[in-house]
Amino acid sequence: MKKAKRKLEIVNPDAAGIDVGSSVHYVCVPEGRDEQRIQKFGCFTEDLHNLARWLKKCKVTTVAMESTGVYWIPLFQVLESYGFEVKLVNARHVKNVPGRKSDVQDCQWLQQLHSYGLLHGSFRPDDQICVLRSYVRQRKSLTESASTHVLRMQKALIQMNIQLHKVIRDITGVTGMKIIKAIIEGERDSEKLVEFRDARIKNDQSTIAKALAGDYREEHLFTLKQEFELYNIYQEKIAECDRNIEVYYKTFETKPGESKQLSKEKNKHRKSKPNFALHEELHRITGMDFTKVPGLDVLSVQTIISETGINHSKWSTEKHFSSWLGLSPANKITGEKVFSTRTRKVINRAANAFRMAANSVGNSKSALGAYYRKLKKRLGAPKAITATARKIACIFYSMLKYGQEYVEKGMEYYETRYKDRTVKNLIKRAKDLGYLLVKKDELVQGVS
């Protein structure tokens with residue numbers, strides 16, 4: 001190994017450091033650029049532009065800032081508009097030196113580390129993807145809020161001993177919503193309420209009628225009415241969000257390539273699915289049909305693309321991609337001993353989508369399903385989900401990088417390869433120990 005240099009070299013001589021706060025931002029520039037190399041700026045838009053102009057005056061070209069809540073977003077966007085190279089740094093990676101902590105020391109420490117080239121910026125997709133990401137995240141928040149009101153509706157029904165959820169799988173389906181609406185409007189006769197039953201429901205009318213005979217108390221009906229109205233409001237907002245997403249997809253360029261036949265859409269009748277041709281739009285902008293991968297549906301693919309973008313060059317290999325997702329082992333070595341290989345704890349919506357996809361392939365007859373079940377039997381469900389999620393993420397990255405469609409080879413293909421690999425390892429192990437591994441059939445023929 002080469003001898004380490006005694007003194008660190010200045011890599012970024014025009015680097016500045018900013019400690020971001022909710023009300024004020026502390027900025028530090030290199031020595032000799034201004035009489036006061038540390039200045040304080042407010043959080044208003046005018047102050048952010050003054051900050052950027054001061055950095056231009058000090059001939060700063062690159063800036064490092066800590067990611068604190070969402071306060072960094074306006075400043076980040078303003079600095080980018082002025083042409084600065086902005087690195088958003090995780091606060092855990094730039095812990096200050098021991099001693100008294102202050103905002104002034106934080107911005108100085110950031111400026112010093114960045115000047116030596118010791119900081120790595122967090123991933124941030126292109127502006128076009130950032131807009132899509134905001135829409136998709138808002139849609140997810142609305143969906144989660146709507147589900148809260150579903151639980152409260154169900155609670156009000158149970159308090160009145162109306163066991164609707166036991167005879168209907170989803171109370172927010174067509175039948176469930178018609179029955180709840182009729183109850184709110186004053187209908188109490190279970191025989192009339194059961195007439196809203198859809199023909200596809202397994203339970204017969206008599207069973208549903210028994211479940212609808214309850215104690216209709218006024219206070220619980222009031223709660224049910226409010227939660228029903230709030231749920232419908234959220235559904236309207238989700239539909240409005242979907243319309244904005246549909247319009248925004250038109251701003252993306254169509255990826256050149258041959259028009260390929262799309263696979264049959266998974267979860268086609270999923271209630272949370274948008275009302276526009278999302279499958280076709282995703283295929284148009286990426287050139288790939290990611291729903292061919294087991295476990296991935298259109299909503300999962302939309303979430304992943306909105307978080308990672310469609311530019312694979314952000315990660316040089318699939319190993320870098322899976323590491324950024326927090327799905328690969330993080331080896332921690334000290335004293336030439338590995339004392340931990342656990343995956344890093346990261347908050348990543350794309351990684352969560354891959355984990356959900358891995359969990360859903362557990363009962364499938366695909367090669368990924370066989371891979372998951374094999375690992376689950378040996379390592380347990382949590383590790384099997386993580387390993388399968390990493391494999392799906394690598395498949396996603398390869399499809400995006402090389403433009404090759406996923407081809408499902410089936411469970412039998414994986415089982416055959418697994419058996420061949422196991423036999424090959426057994427033969428090698430037996431040879432190392434001085435034994436000869438012979439198949440049972442060959443042994444019987446030799447004896448006869």
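**Charged residues at the surface and in salt bridges**

K95 lies in the loop between β5 (85-89) and α3 (103-115); helices (H or I, at least four residues) and strands (E, at least two) are DSSP runs, numbered from the N terminus. The model is predicted: local features need pLDDT of at least 70, side-chain atom pairs count only at pLDDT 80 or more, and totals for chains, interfaces and linings use all residues. Residues are numbered from 1 along each chain as its sequence is written, and side-chain values use heavy atoms, with hydrogens and water left out.

K95 counts as exposed because its relative accessibility is 65% (buried means under 20% relative accessible area, exposed over 50%, partly exposed in between; 1.4 Å probe, protein chains only). On the surface, K95 gathers with R92, R342, K345 and K383 in a patch of positive charge. Patch members have over 30% relative accessible area and no salt bridge, and like charges are joined within 9 Å.

The structure holds 15 salt bridges (a side-chain nitrogen of Lys or Arg within 4 Å of a carboxyl oxygen of Asp or Glu). One of them pairs R152 with E227 (4.0 Å, N to O). This pair links distant parts of the chain, 75 residues apart: R152 is in helix α4 (residues 127-159) and E227 in helix α9 (residues 218-249). R152 is partly exposed, at 42% relative accessibility. E227 is buried, at 9%.

E281 and R284 also form a salt bridge (3.0 Å, N to O). They are three residues apart in helix α10 (residues 278-286), so about one helical turn separates them. Salt bridges with shared partners join K250, E281 and R284 into one network.

Notes:
Patches are made of residues with over 30% relative accessible area and no salt bridge: like charges are joined within 9 Å, nonpolar side chains (Val, Leu, Ile, Met, Phe, Trp, Tyr) within 5 Å. Accessible areas come from the Shrake-Rupley method with a 1.4 Å probe; for residues, only the protein chains shown count as cover. Lys and Arg count as positive and Asp and Glu as negative; His and the chain ends are not counted. The place of a charge is taken as NZ of Lys, CZ of Arg, CG of Asp or CD of Glu.
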